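Look over the structure below before reading on.

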Amino acid sequence: MENSGKLSRPIKTWAADDRPREKMLAKGAAALSDSELLAILIGHGYKNQSAVEVAREVLELGKQNLVELGRLSLATLQKVPGIGAAKAVTIAAALELGRRRHA
């Protein structure tokens, strides 16, 4: 699981096995947490927050529930620092694809 000591550093400085993209390539999507999967969509963090930390804040908006997260508006997603219009749309589109897959 993610180590809080790593989170204040950019993901590119983490050990390769701990980086979400590399972890997914090596172990598959099922090995990643929701925040790591969202971090891949987000791409990068800002200032002193990694993409994983930003993803955790996004998940908090949805009360740690992906169904609830999918119900949030783009404007609400953009309330998280580091999430602008493009990232909000990317997150919403991914959640919609997941919803359609299960419909």
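Does K47 count as buried or exposed? At 80% relative accessibility, K47 counts as exposed, where exposed means over 50% relative accessible area, buried under 20% and partly exposed in between, with a 1.4 Å probe and protein chains only. This is a predicted model, in which local features need pLDDT of at least 70, side-chain atom pairs count only at pLDDT 80 or more, and totals for chains, interfaces and linings use all residues. Residues are numbered from 1 along each chain as its sequence is written, and side-chain values use heavy atoms, with hydrogens and water left out.

K47 sits in the loop between helix 3 and helix 4; helices are DSSP runs of H or I with at least four residues, numbered from the N terminus. Its phi is positive, about 35°, although K47 is not a glycine. Most residues other than glycine have a negative phi. K63, in the loop between helix 4 and helix 5, also has a positive phi, near 55°. K63 is exposed, at 67% relative accessibility.

Now turn to the inside. A nonpolar core is a set of buried Ala, Val, Leu, Ile, Met, Phe, Trp, Tyr and Cys residues joined through side-chain atoms within 4.5 Å. The largest one has 18 residues, and L38, I42, V58, L69, L77, I83 and I91 touch the most other members. At least two residues of this core come from each of helix 3 (34-42), helix 4 (51-61) and helix 7 (85-101). Helix 4 gives the most, with 6 residues. Leaving aside neighbours within four places in sequence, L69 is in contact (heavy atoms within 4.5 Å) with L38, V58, L59, G62, L77 and L95.

Next come the pockets. On a 1 Å grid over the protein atoms alone, a pocket is an open set of points where a 1.4 Å probe fits, with protein on both sides within 12 Å along at least five of seven lines; lining residues have an atom within 4 Å of a point. The largest pocket holds about 400 Å³ of space, a volume being the space filled by probe spheres set on the points. Of its 17 lining residues, L37, L41, L66, A94 and L95 lie nearest the centre. Helix 7 gives the most to this lining, with 6 residues.

The second largest pocket has a volume of about 310 Å³. Its lining has 17 residues, and P10, I11, K12, G43 and H44 lie nearest its centre. Helix 2 (20-27) supplies the largest share of that lining, 3 residues.
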